[in-house]
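Keep the view open as you read.

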Amino acid sequence: MSASAESHRTSLADYRAALTAPGSRGAVIASLLARLPIAMIGISALLYVQRETGSFAAAGLVSAGSLVGVSVGAVVQGRLIDRFGPTRPLLTTTMLFALAMTGLVSAIEAHAPTLVLVPLAFGTGITEPMVGSASRALWTRLLPAGPTRNAAFSYEAISMEVFFILGPGFAGLLIAAPWAGTGIVTGSLTMIAGAVLFALSPTVRAWGPSPSSGGKLLGALASPGMRTLAVAALGFGAVIGFVEVAVPAAATEAGNTSIGGLLLSAWSVSSVAFGVAYSLRPWPRQMGLRLPVLLAGFGALVALLALPGSLWGLALAMLAAGALITPQSTTHSAAIEIAAPKGTAAEAFGWVLTAVTLGLAFGQSISGYLVEHAGHEAAFLAAGGVGFALAAVVWLLRGTFRPQPSGAVAEAPELVGAAR
């Protein structure tokens, strides 16, 4: 991988070429269905537990338990997907996810204590089917390295932001349904259906076992650049985690609980719009600088969310902060191409997802405490501080981010032929 690949620009034509590549259509549609409810399930669970317990602190702990489970499951599933292909791991985890989610909803309905809900939430997280990891890795097998593959990675990040626009909004609306668990059940059923369809699509089934992808205990994380990327992803997730609790709290304090999810959708609107423009001309050019600059800027904009005194002002401030979400997600995917060892594409994405979700868990749990004891403004300021601190660490480690001699270039054109 040449150094110029770090700043390789894409065009709108590259997006079209990626999404119309032979064998991609069925997998892309199924992946959309599976990933659509990711944000919806998380926010629905948060609001559902808060409605049943009356405590944002308890809701934050339960949500954090689920995120910790996702962080563990992402790496384990990623490594299994790299070794055995996606179909068997995804079908197995989807079945376990259905059972785990049934147990969590039943426990919430029975008003079980938080100490019971947290491990059950962990179970739903660790079994959540990692369609995103498989979908992202599939592009390295369908497309050669270059602008078209970069456009596919940008599409993955941008589509996730669309889901983060729709998901919280749906969650905010469904929490007002006669049964508060409507959102979490609806989202779970949608994810299950999408995961099964993705796992059974012809292109995905053609991705066979690859035993050579196994190796060191740390796997993809053995690369110094991957460890630096994980720190950046941790900071990104932590900042978002603070906001995901503080914003619904601000809406509740203002006497309009249902608008909390819609407010969280606001910053994803600007994220998508700015994310497309950013992918056409990414900056800074060097990946080792791009990661800390984007994270520091994100932390600064989130800290400013403490200033508005009304929900309208908060919505406008979130539009500004959201502009740096998709650029970071896109940068993380591009960074994997540079830093991850060969044959670890799905696992490398799993490590990034793990770092993000651990950050989310940390941010949500601390934010819940701050909201109840110091107000939502303190949570926004803390988010900015955490973002700045971890951006400084990434800047200090920028020298470790160098292309790997055997970077994550896993081209397998034979899959295209097999999927026809």
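Helices (H or I, at least four residues) and strands (E, at least two) are DSSP runs, numbered from the N terminus. Axes are lines fitted to C-alpha atoms, for helices over the stretch in contact, and angles run from 0 to 180 degrees between N-to-C directions. This is a predicted model: local features need pLDDT of at least 70, side-chain atom pairs count only at pLDDT 80 or more, and totals for chains, interfaces and linings use all residues. Residues are numbered from 1 along each chain as its sequence is written, and side-chain values use heavy atoms, without hydrogens or water.

Start with helix H3 (residues 38–53) and helix H9 (residues 182–200). Their axes come within 8 Å and cross at roughly 155°. The two helices are therefore roughly antiparallel to each other (angles under 35 degrees count as roughly parallel, over 145 as roughly antiparallel, 65 to 115 as roughly perpendicular and the rest as oblique). H3 passes H9 in a left-handed crossing. A crossing is left-handed if the near helix is turned anticlockwise from the far one by less than a right angle, and right-handed if clockwise. From H3, the contact uses Ile38, Met40, Ile41, Ser44, Ala45 and Tyr48; from H9, Gly183, Ile184, Thr186, Gly187, Ser188 and Met191 take part. Contact here means heavy atoms within 4.5 Å. By class, the residues of this contact are seven nonpolar, five polar and no charged. Ala, Val, Leu, Ile, Met, Phe, Trp, Tyr, Cys and Pro count as nonpolar, Asp, Glu, Lys and Arg as charged, and the others, Gly among them, as polar.

H3 also meets helix H4 (residues 56–84). The axes of H3 and H4 come within 8 Å and cross at roughly 140°. This crossing is right-handed. Leu46, Val49, Gln50 and Thr53 of H3 touch Phe56, Ala58, Ala59, Gly60, Val62 and Ser63 of H4. The contact has six nonpolar, four polar and no charged residues.

Now turn to helix H2 (residues 25–35) and helix H7 (residues 131–142). Their axes come within 10 Å and cross at roughly 155°. That makes H2 roughly antiparallel to H7. The crossing is left-handed. H2 brings Ala27, Val28, Ser31, Ala34 and Arg35 to the contact, and H7 brings Val131, Gly132, Ser135, Leu138 and Trp139. These residues divide into six nonpolar, three polar and one charged.

What do H2 and H7 each supply to the second largest cavity? Each gives at least two residues of its lining. The largest share, four residues, comes from H7. The lining consists of Ser24, Ala27, Val28, Ser135, Leu138, Trp139, Leu142, Glu156 and Phe198. Six are nonpolar, two polar and one charged. The volume of this cavity is about 40 Å³. The whole structure holds two cavities of 30 Å³ or more. On a 1 Å grid over the protein atoms alone, a cavity is a set of points where a 1.4 Å probe fits but cannot get out, and lining residues have an atom within 4 Å of a point. Grid points are joined across faces, edges and corners, and a volume is the space filled by probe spheres set on the points.

Two backbone details remain. Most residues other than glycine have a negative phi, and most peptide bonds are trans. His111 has a positive phi, near 55°. His111 sits in the loop between helix H5 (87–109) and helix H6 (114–126). The peptide bond from Trp283 to Pro284 is cis, with omega near -5°. Pro284 lies in the loop between helix H12 (259–280) and helix H13 (287–303).

Terms used:
On a 1 Å grid over the protein atoms alone, a cavity is a set of points where a 1.4 Å probe fits but cannot get out, and a pocket is an open set with protein on both sides within 12 Å along at least five of seven lines; lining residues have an atom within 4 Å of a point.
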